[in-house]
Each structure stands twice: as C-alpha cells, then as structure tokens.
Amino acid sequence: MNTTQSTRMLTTSGSRGQRLRVPRRRSVNRFRRLPLWIAVTVLLIVVGYPLIWLLLGSFKSQREFLEEPTWALPQQWSFENYATAWETAGLGSALFNSAITVVPALFCMLLFGTAAAFALEVLVWKGRGAVLMIFLAGIMVPAQMILLPLFSAYFQTGLTGSLWPLFLTYTATGMPLTVFLMATYFRAIPREVFEAATLDGASIYRQFFSVAVPMMKNGLFTVGLVQFFFFWNDLLISLTFANSSKLRTLQVALLNFNGNFGTTQYGPLFAAVSINVFALLIIYLLLNQSIQKGLTAGAVKG
Amino acid sequence: MKNILGDRRAAFVLLAPALAVYSVIMLVPVVVSLGYTVFEGNAISGFEFVGIDNFVRLIGDARAHQALLFTLKYALVVTIGQVVVGYMLSLLYVFGLKRASSVVRTLVFFPIVMPTVAVALLFQQLFSIAPTEGVVNSMLAGFGGVPVDWFGDGGSAFVVIAIMDIWRSMGFYGVLLYAGLVDIPEDVLESARLDGASGWRLVRHIVLPLSLPVLISSIIFSINGTLKVFDSVMALTSGGPGTSTSPLTISVFDHAFTYGEYGYGSTLAMLLTIICLIVTIFIFRGSRRDLTKDGPR
C-alpha cells in the first residue's frame, strides 16, 4: 500500500518531470480518485449551472417564470424575449455608445502608453526612474478619488452631455497599468536590437514605429485585452459620466433592468443578461489563453 | 550610438502625450480632491470654505462608520474567500487534475470576464424569493428548509454579495496561484515525497511555504480590489436595504451625486485611499520580512 502510494505520487504533477510508468491496480486507483471527481463535478455545477439556467430563462415567458418551477425547461424556443430586451433597454444604442468610447480609448491608451514606456525603458535619460514611479502610483488610486474633481471639470468645460468624459477618463485611468506592463515587456528585449537599429541609421521615431511596436505585438494584444474588459465592464465611471438615456453604455442600460424599479419582466431581463454574457463568452472561448495570461498579469490593478 | 538613445527631445516627445493625459485626468484631480476636503458644495452651486468641518463630521457620522465597517468586513471576508478558494482550486489543478486541468481552468475562469452588472442581475434572480422562487430558495425548500428573503436585510444580503464575488473571482485567483504552484521545482516535491510527506503534510510544510510569495501578492491584489468594491454591490443591492450594505465607495457616490456634497464625498474618498495605502504597505512589509527569512523562489 505504502509503496504504491509513493510510486503513484512520483508520477503526479508531471508537468515537467519524467513520468514513471508503474502498473497500478485500476480499481483501487479509481476508488481513490473518487473524491477528486466529486470535487470537479461540484465545481462544474457551481460555475456552469447558473449560466445554463440563465440561458434557459431567456426563452421562458412571464407566465412560466411565475407558475413553473425554476428548473423547468422552457416550453418553446422563441427569440421574442431577445427582441423585447433589445428594444426596451435600447441595447442597440448602448452597444454603440460602449463601442465608440472603448475602442478609441483603447487605441489612444495603447499608443501613448507604449510610447511612454519606450521613452522610459529604452531611452536613457536622467529622472526616468522617478517618472515611472509617478505612473505606477496611479495604479493605487481609487477611482472615487478623481471622479468628483473630474465631474466639476467636465461640467465647467462643457464636455458633460457628450461621450468625451468617458473617453478621456478611460484613456487616463488605463495609462498607469499600460505603461507599467509595456515597460516590463520592453525590459525583456535585448538592447542590442535598438543599438543595431541605431547603427543602421534609424531615428528614434523610426525605431519606435518600425522596430519597437512590431516587436511588442503580443504585449500590445495582451494589455489591450485586459483593458478592454476593464473598460467594457466598467460601471462606476460610466454611471458617473454617462447616465442620461442618450449616452448610456451597455452596463448602465443593463443596470436599468434592476428589479428595484417596477415589475420585472423576467424573460427580457434574462435575455438582456444573456446577450451580454454570451457575447463575451464567444470572445473568451476564442482567446481564453491570452485572456487568462493577460488578466493575471494585470492583477496589480486589483 | 549612446547619443541617439539618449536623445532627450525624442524622449520628451514620446512621453508627453501619456504624461499630459495622465497628469490632467489623474494627478491633478487627486490634488483637487484633497483640496475639496476643506470645502463644501458642488460643481453647480459653487464651493464654500469650511475648514476642518468635514473631518469633524466624519468622526461623528454613524452612517460613515457603518460604511467603513462594511468596507472592512467585506474586504476581509471576500479576500479570505477569494484567496482560500482560489488556492484550493490551484491545488486541485496542479495535484489533482494535472495535465487535464486546462478545460476546467478555462471554464472556472470565465465569470471574471462577465460584466459585473450581468452577474449581479443573475444572482438577484438565483437568490430571489418573490414573485418567483430562485434556484437557491427552491433548493432550500427541496431539502426541507425555509426559503429566505435574501435581500430583505443587510446580513443576508451581505452573504449573497460575498458568495457572488467569490464565485466571480475564484477561477481568476485559481489561475493566478496555479502559475505560482507550477513553478515549484519538481525535485523538491519528489524528495519530500520520498521522505514520506504526502497529502496535507506535503501541502502544509512544502507547498505552502514555497508558494508564499505568490500567495502574498494574491492577497495584496485581492484586498486592493475588495476595498474599492463598487460595481458588484451597486448592481446587486445598490447599498440597500437602506444603507446596510453600502461600502465607502457607494457613500462617496451618494454624498456627491445625490446630496451634492463634494467636500464630504472627497473626505470619504480620502479615507478610503488612506486605508488602501496602509493595508498595502502593511502587507508588503510583512511579506518582505518573511521573504528574507525563508528566502525561497
């Protein structure tokens, strides 16, 4: 017993180590792994069932919600709820508002942030360490600390009532993490690359656009992905600066389905949430490796 | 050659846009916000100097104390929950599922990518009681229990908030800690096993000390996020019933945009910022000391 256990243990976590092939008694082994399979099954139910329940609910009628048990399957597969949700919540214009602020903000943030990281990490000048620290300090600042002065400033400059405040605030709040991560990636590139480019007569700007940016493609993608999720799922900033029905982003529009106001139309509510969740699920399934890598790298933001 | 990479003008040109946006929209507002703490008023009605009134008010404000308490309670419970559940998941991935863990990891990670508002609406329905029973109350009834009005009082609403945020982020911390665990050298584990350590003893004496650095950083990330919680509470309970589940972040929002008190709102925001700084420095110091003592990684 003891020997089988230790030999079995030798083969565990063989992500790198060599695997010893030991004949084992299958039935004993299977029995021992039973708790593991129970744990995994429970885990999959806890994570998966709410999502399946959500999807099923999006096809149910109001009557089914009120009269049938909650785990019943929908009686028909109609997309009526989706049409209702799309119209009543104005999801179309909300989607447009979200896209038209998030995409340009991402672009500006990546361009400016990468340029700054290049200047701070590749170029050599006095005081660059201090400037990098100033950027890093921004990671710690809670958004609440800057919202009130910004609200006043946008009001006084007449930007309130447009999507500019959202765009500007996203670009700026994404900057510290972008500069920090891009600087980390630049550190990994051998200096000889840029020295060779200098010998070839490339100017700094040429080096940035033709050497640095192409080499940073993976980094840019990762950082862009992380920030996309931060911006896209943001509620605090969009609730503060884009609360009118015309400027509503996707999350603010979704918040208006909140049961606290009036009678809940369950079907459309489930449909609206489904649209939000399963659209992101598709993106996630396509890119899950980069998303997991990127989000954990961006964890410093907290 | 050093000359070109040392070109100060080019450095300035490349740095300027980022620094300008960052300064104007983050650094200056932080300073202005600090200034607001000695004023009262708002953008529309104008400001009035009130000296230390806001701080005096903060000391005697029972609702602010409640919000502070809620923030700390939430941060403590959810941070412990996220990191402990995440650690258990990462152990499951590394020692239980081994190479087959990728599919499970991918699925359990997904909720962190979902919009918080969507998750909150989903949990409202999962825990709802009337007019239609959600899954949780149906299960309670099925096991012979009594359905609970989860959002009826602050205590049970807090339970739902905590469950929701742990559900959302456990997969994320699982992957974060998993990255730390697979870094543990295989030969260390192997020799410990040859010495007879297995199961809980292996985790307690070998894996836990060796994964301490990544565990500490997870705690810092987690507490830094949980102290600033806004989206999930706002979307799930809006701080209610009453203000019983209202953290400092929602108080700031309420005071500023419902009552038009930017000064007092900024004072609360400053309190929150100071707490974030203290907690981070505290944990960071503690981890530094441990690192030099044990010296792994």
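Let's start at Ser162(A), which sits in the loop of chain A that runs between helix 8 (144-156) and helix 9 (164-187). Keep in mind that this is a predicted model. Ser162(A) counts as partly exposed because 14 other C-beta atoms lie within 10 Å, a number between the limits of 12 or fewer for exposed and 20 or more for buried.

Now hop over to Ile291(A), a residue of helix 15 of chain A. Ile291(A) is buried, because it has 24 other C-beta atoms within 10 Å, and the cut-off for that label is 20 or more. Setting aside neighbours within four places in sequence, Ile291(A) is in contact with Leu225(A) and Tyr284(A), plus Val113(B) from the other chain.

| Pair | Apart in sequence | C-alpha to C-alpha |
|---|---|---|
| Ser162(A) and Ala242(A) | 80 residues | 7.9 Å |
| Ile291(A) and Val226(A) | 65 residues | 7.0 Å |

What about the two chains together? In chain A, 91 residues are in contact with 84 residues of chain B. Helix 15 (residues 266-297) gives the most to chain A's side, with 13 residues.

Finally, the domains. The assignment for chain A gives domain 1 (24-83) and domain 2 (89-256), and their C-alpha centres lie 39 Å apart.

Note on methods
Residues are numbered from 1 along each chain as its sequence is written. Chains are lettered from A and ligands numbered from 1 in the order in which they are written. This is a predicted model: local features need pLDDT of at least 70, side-chain atom pairs count only at pLDDT 80 or more; totals for chains, interfaces and linings use all residues. Helices (H or I, at least four residues) and strands (E, at least two) are DSSP runs, numbered from the N terminus. Two residues are in contact if their C-beta atoms, placed from the backbone, lie within 7 Å. Domain bounds come from an automatic or database domain assignment.
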